[in-house]
Number of protein chains: 2
Amino acid sequence: MPGDPQYELYYWPFIQGRGEFVRLVLEDAGADYVDVARLPEDEGGGVAPIVELMQAHADGGPAPFAPPFLKTGDLILAQTPLICRYVAERTGLAPDDGADRLRADQLMLTVADAVNESHDTHHPISGGLYYEDQKEAALRSTEDFRAERLPKFLGYFEGVLESNSLGKQACLVGDKTTYVDLALFQLAKGLEYALPNAFAAATVTTPRLRELVEHVGERPRLRSYLESERRIPFNEWGIFRRYPELDAEG
Amino acid sequence: MPGDPQYELYYWPFIQGRGEFVRLVLEDAGADYVDVARLPEDEGGGVAPIVELMQAHADGGPAPFAPPFLKTGDLILAQTPLICRYVAERTGLAPDDGADRLRADQLMLTVADAVNESHDTHHPISGGLYYEDQKEAALRSTEDFRAERLPKFLGYFEGVLESNSLGKQACLVGDKTTYVDLALFQLAKGLEYALPNAFAAATVTTPRLRELVEHVGERPRLRSYLESERRIPFNEWGIFRRYPELDAEG
């Protein structure tokens, strides 16, 4: 229909979550999109349209397993790395070269792994149980994450930034900012929110990562998004949660 | 160099693990490949070449984060879903249509999520600790997995198979077997190994999934692989581990 937005994002309206990785790409691209669930309920917003879409089989095809979903024309996409790649390749936020696109996808999947592990620190037993009911396991899990995985992931991305000296500013692939840089920015922001002391300690040795976070946050469209009410604040329902007892000593 | 294989797989030689999803695609495609680490050490095999490749920066590009890796020409790929997709699209094991390729990728990423959760049942606190040191958490985690996530994942794939009636035999996308069917086969085989009672109970209501597992296992090249010594048996070092105390009552 004429007047319809090019992209419709379906994601929980009260958290950043995995949907935020998609929002950052759409916002930085200046894409024509609607964040469906954040519309007023009397305009078709709220959680209902997400659930409907999960239950429906669109065009005889399979419904997606879990949000975020992106609807564009007849296509319904799920899985954060796939959605981000799809939008980025159509809005100038992916590398142009084929081998670089594969490398970007690999790095995006590695960011997604780090996001999963970040989430599982506070929900090691099950995503279906309350934090309070798995707190002892979360303490052990986060202790290990702070000591081993956090420095390993950040050190890995620092090495990638070091080895890629093509860009004037730090970027992971090629010579310009792509969707994987936006994803790494969001991962860093989330970890900084959740575990401020551990993040500060781990990033002492990752100057290029700190540089990337700074200049990505200054990109005009992204900056105006981050300062707007469209950016949901981090909170304790999302992937990155600030439970002070899980962080390192300050 | 002439005589070099088209594909070199780098993966731990003593487990199926994530590398097995790649092996199945290569084997079913009849691809020209070498499973590098499984060569005798005096022919360049063993764990050393994996570690070397992880430490090296190939062609100025970033080293991959974790195995499996696939080397083909100048390209080094990492991340299981990406490697499988790459090989499948070049060997007739991916859908031909663009929208179907996106759908296949989405389903592959969903299989990968199920694989991660399967692994985390026995290692909920940390992949760096022994099972014995997180056994209590593993009991709770697997109980939840058996009750909630296992039926949810298998039921989801059953629904996808139901909604896709294009193929003569059960397949997830389009009208022929693709790499995502091989991946779902491997996930099912792994879950059946790890949690035989829970798997048997969950698959009572998934006849199409059972059909898929059966006919994928009968594909001539795959069958001959599965019966060969190249197929490493499931064991308690991999993703899918049989700890009887974690399974449901028989």
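**How chains A and B meet**

Of the interface residues of chain B, 100% are also interface residues in chain A, so the two copies meet through the same surface. Keep in mind that this is a predicted model, where local features need pLDDT of at least 70, side-chain atom pairs count only at pLDDT 80 or more, and totals for chains, interfaces and linings use all residues. Residues are numbered from 1 along each chain as its sequence is written, chains are lettered from A in the order in which they are written, and side-chain values use heavy atoms, with hydrogens and water left out.

Now for the contact itself (heavy atoms within 4.5 Å): 42 residues come from chain B and 42 residues from chain A. Together the chains bury about 3,600 Å², with carbon and sulfur atoms giving 60%; buried area is the accessible area (1.4 Å probe) that two parts lose on being put together, summed over both. B:Phe65, B:Leu102 and B:Ile125 supply 20% of what chain B buries against chain A, more than any other three residues.

There are also two salt bridges across the interface (a side-chain nitrogen of Lys or Arg within 4 Å of a carboxyl oxygen of Asp or Glu). A:Asp105 and B:Arg85 meet in a salt bridge, at 2.8 Å from N to O.
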